[in-house]
Amino acid sequence: MTQLAFEGISIDIATTRIVSDVSLRIEPGEMVGLVGPNGSGKSTLLRSAYRVLRPSTGAVLIDGESVWSMSAREAARRRAIVTQHTTLGAEFSVEEVVAMGRTPRKGMLDRDSEQDRHTVQQALEDVHMGWAARRAFATLSGGEQQRVLIARALAQEAGLLILDEPTNHLDVRAQFDVLDLLRHLGMTTLTALHDLDHAVSYCDRVAVMADGALVAVGAPADVLTPDLVHDVFGVRAVLDTHPITGRPRIAVASVADGPRRAATTANAPEERQ
Ligand code: ADP
Ligand code: MG
């Protein structure tokens, strides 16, 4: 399995430093959640691994090799990407979308081999979307589309999966389906997540960004302390045990919210008069 490392990454857009000196290593088979407020630089950091934004300093290494030194094709064999905004022609069928994942493994003029077709079908089965192979991609629900895009990433047969907020715009059930799937795949996975509770309950480690810098990395329960969550996100938080799953969970509330007053405290002696 594959390892991903960001080493001293800084990224400038025009003259503004958007990401500052981020070092982060994702070990083989690990699932790491990248969290941080909107605009903290999560997508920008990930774009340096997609080869969309070249870092001003530092290196992005896949198994020790710089993604920026290899060809685009070689990079696509090493890591698969599920971005936030995928624009696909409405005309493509689900299996055609997944087959696009085979491109970096084929010659320019190669037709789909039996192996390609098998891999595409298997990837669709892995995300429980085999039934939809002939459907038009555009006619699927948001959750189904997201699973197909993960299947496309699987068809690439890369050892590493990078995703940017894959549960956005999905209903609660579809969010869990996607996260359960990612967990089940057991691939080296780095995913930006906007829901802190998803990071807590699904990720081996979380990496927290604020203002373009990495401010904490570690096991969710060690990192997402009430103080850190307050400082970085401006909300109150409590970590406890989920009453249904028994796993750690995080409850968040507005700083404006005090604990709800019990009816009796309204009549507490010191408040009467
Ligand atoms: P996140 O994904 O954590 O919400 P982003 O990485 O998208 O954050 O953005 C980080 C910061 O970089 C934001 O302040 C955003 O406005 C800025 N930014 C991102 N892309 C560009 C761009 N192409 N040009 C100028 N500023 C950008
Ligand atoms: Mg983003």
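1. The shell around ligand 1 consists of Ile 13, Ile 18, Pro 37, Asn 38, Gly 39, Ser 40, Gly 41, Lys 42, Ser 43 and Thr 44; a residue is near a molecule if one of its heavy atoms lies within 4 Å of it. This is a predicted model, in which local features need pLDDT of at least 70, side-chain atom pairs count only at pLDDT 80 or more, and totals for chains, interfaces and linings use all residues. Side-chain values use heavy atoms, with hydrogens and water left out, residues are numbered from 1 along each chain as its sequence is written, and chains are lettered from A and ligands numbered from 1 in the order in which they are written.

2. The shell divides into three nonpolar, six polar and one charged residue. Here Ala, Val, Leu, Ile, Met, Phe, Trp, Tyr, Cys and Pro count as nonpolar, Asp, Glu, Lys and Arg as charged, and the others, Gly among them, as polar. Helix H1 (residues 42–50) supplies the largest share, three residues; helices (H or I, at least four residues) and strands (E, at least two) are DSSP runs, numbered from the N terminus.

3. Oxygen atoms of ligand 1 lie 2.5 Å from a polar side-chain atom of Thr 44, 2.8 Å from a polar side-chain atom of Lys 42 and 3.2 Å from a backbone N or O atom of Ser 40. The protein buries 55% of the 560 Å² that ligand 1 exposes when taken alone (Shrake-Rupley method, 1.4 Å probe).

4. Four strands form an open sheet in the order E2-E1-E4-E5, with antiparallel pairing; two strands pair if DSSP finds at least two bridges between them. Strand E2 (16–26) and strand E5 (65–66) stand at the edges with a single partner strand each, so one side of each has no neighbour in the sheet. Strand E1 (residues 4–13) is joined to E2 by seven bridges, and Leu 4 has Ile 26 of E2 as its bridge partner.

5. A hairpin is formed by E9 and E10, with two residues between the strands, and Asp 211 takes a positive phi near 50 degrees there. Five bridges join the antiparallel strands E9 (residues 205–210) and E10 (residues 213–218); Met 209 stands opposite Leu 214.

6. Mean pLDDT, the predictor's confidence in each residue from 0 to 100, is 90 for the protein, and 93% of its residues reach 70 or more. Over residues 262–273, pLDDT stays under 50, and the model has five contacts beyond four places in sequence for them (contact means heavy atoms within 4.5 Å).

Terms used: Polar contact = N/O pair within 3.5 Å; in protein donor to acceptor, adjacent residues only side chain to side chain.
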